Amino acid sequence: MEIKNIKYEISNENPHKCPATDVPEYAFIGRSNVGKSSLINMLGRSKSLAKTSQKPGKTLLINHFKVDNGEWYLVDLPGYGYAARGKEQREKLSKIIKGYILERAQLTSLFVLIDIRHEPQKVDIEFLDWLGDNGVPFSIIFTKADKLGSVAGQRNVEAYKKELLKRWEELPPVFVTSSEKGTGRQELLDYIYSINQEISKTE
């Protein structure tokens, strides 16, 4: 499947002020500087859809992008685990993130982005465990696959799976992507559209 059109609609910090729709939403989240904006731009085939920055932690709001004339939404969430922020701002962002994830009924699936170059990080594992504890449907997207050899990349992916299987009986869907090369784009979109088709069959 392919995105027909996508455009920015609204940004805010209150999940109750998000668009009043009943269509599926797919939200993207990850640690600061994980390549989230680049991935969103890659999916939408746009260089300026989501603002990219060399400085981590720039996304501070819930950003909604309308896809296929409003058939579904792509949502860009603030990053988590950015230590350089003050305590007050970290708590504020945590409230925004958790508020959207736990209260937004339209959230169909959350995509958690992880930099494939690193071995399992405590902050990522804790966030994934929190999602599991709260019954949030999610998938894992490993980013920046072009920055690492395929063998080393696969080793890090397997290390994450092994770590999660210490706690989980079943693993979530896993995707490997590169915004630079477009790797994983079609697999990710096919996954989203397959869920949308299943939802439309039950309506």
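**A buried charged pair**

E25 is buried, with a relative accessible area of 0%. Buried means under 20% relative accessible area, exposed over 50%, and partly exposed in between (1.4 Å probe, protein chains only). The model is predicted: local features need pLDDT of at least 70, side-chain atom pairs count only at pLDDT 80 or more, and totals for chains, interfaces and linings use all residues. Residues are numbered from 1 along each chain as its sequence is written, and side-chain values use heavy atoms, with hydrogens and water left out.

What does E25 pair with? Its side chain meets that of R104 in a salt bridge (2.6 Å, N to O). A salt bridge here is a side-chain nitrogen of Lys or Arg within 4 Å of a carboxyl oxygen of Asp or Glu. E25 lies in strand 2 (residues 25-30) and R104 in the loop between helix 2 (87-103) and strand 5 (107-115), so the pair ties together parts 79 residues apart in sequence. Helices (H or I, at least four residues) and strands (E, at least two) are DSSP runs, numbered from the N terminus. R104 is also buried, at 9%.

K201 bridges to E198, with the closest N and O atoms 3.6 Å apart. Both lie in helix 5 (residues 185-202), three residues apart, or about one helical turn. K201 is exposed at 64%, while E198 is partly exposed at 46%. Elsewhere, shared partners join D129, E163, K166 and R167 into one network of salt bridges. The whole structure holds 17 salt bridges.
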